[in-house]
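Subject: Structure handover

Hello,

Please load it first, then read my notes below.

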Amino acid sequence: MKVQEVLENYNSLKASITIVEGEIQELENEILDCKSSNLDGMPKAKGFTSSNIENFIAEKQEKIEKKRWYIKRTEMKLKIVEDLVKTLKKYNQDIIEMKYYQMMSIEEIATKKDRGYGAIQKTIDRSIKIMQREYNKNKMS
């Protein structure tokens, strides 16, 4: 995992989780609608033909599982990055939160923190390197 990529896409990933949760709800509603209808399998000499409704439900449930897996994986990435941010010194945490969570520009952060543009950019770069190193070190263990 690249820490910087996850940070840069933090809000997009949060939004995508919400969207996928909505898609799951729609799929579950479709399944409920199908379950309320009659089964359409036909008896045959050697058993039953597969039901279109049962096949439809199985397909939708498979899609739901894939979407839940995506949510779980994405939430794990976000949690790892959030935990890494928490390992930083308070000043660095604040700057990373402003830049990537609140989507403030470096100029806005520099004004708010009463620091130079270069100092803020350096803090961000250094913090990301520290977090990436920490992630890589813990991943190897």
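**Contacts and overall layout**

Residues 24 or more positions apart account for 66% of the contacts in the protein that have a separation of 6 or more. Keep in mind that this is a predicted model. The protein has 141 residues, and 30% of them count as buried. It holds six helices and two strands. From the N terminus, the order of elements is α-α-β-β-α-α-α-α.

**Helix 2 and helix 3**

Helix 2 covers residues 10–35, and helix 3 covers residues 52–87. Their axes come within 9 Å and cross at roughly 160°. Angles over 145 degrees count as roughly antiparallel, so helix 2 is roughly antiparallel to helix 3. The crossing of helix 2 past helix 3 is left-handed. Sorted by class, this contact has 15 nonpolar residues, twelve charged and three polar.

**Helix 5: two sides**

Helix 5 spans residues 106–113. Which of its residues are buried? Ile-106, Ile-109 and Ala-110 are. Seen down the axis of helix 5, the buried residues fall within an arc of 100°, so they line one face of the helix. Thr-111 and Lys-112 sit on the other side of helix 5 and are exposed.

What covers the buried residues of helix 5? The cover includes helix 4 (90–101) and helix 6 (117–140). After helix 5 comes Asp-114. The phi of Asp-114 is positive, near 55°.

**Helix 5 against helix 6**

The axes of helix 5 and helix 6 come within 9 Å. They cross at roughly 110°. The range of 65 to 115 degrees counts as roughly perpendicular, and helix 5 and helix 6 are therefore roughly perpendicular to each other.

Both sides of this contact can be listed by residue:

- Helix 5 contributes Ile-106, Glu-107, Ile-109, Ala-110 and Lys-113.
- Helix 6 contributes Tyr-117, Ile-120, Gln-121 and Ile-124.

By class, the contact has six nonpolar residues, one polar and two charged.

**To recap**

Helix 2 and helix 3 run roughly antiparallel. Helix 5 and helix 6 are roughly perpendicular. Helix 5 has buried residues lining one face, with exposed Thr-111 and Lys-112 on the other side.

Best wishes

Definitions and conventions:
Residues numbered from 1 in each chain as written. Predicted model: local features only at pLDDT ≥ 70, side-chain atom pairs only at ≥ 80, totals over all residues. Heavy atoms only, no water. Buried < 20%, exposed > 50% of the residue type's maximum accessible area, 1.4 Å probe, protein only. Helix = DSSP H or I, 4+ residues; strand = E, 2+ residues; numbered from the N terminus. Arc of directions from axis to C-beta. Contact = heavy atoms within 4.5 Å. Axes fitted to C-alpha atoms, helices over the stretch in contact; angles between N-to-C directions. Parallel < 35°, antiparallel > 145°, perpendicular 65-115°, else oblique. Left-handed = near helix turned anticlockwise from the far one by under 90°. Nonpolar A, V, L, I, M, F, W, Y, C, P; charged D, E, K, R; others polar.
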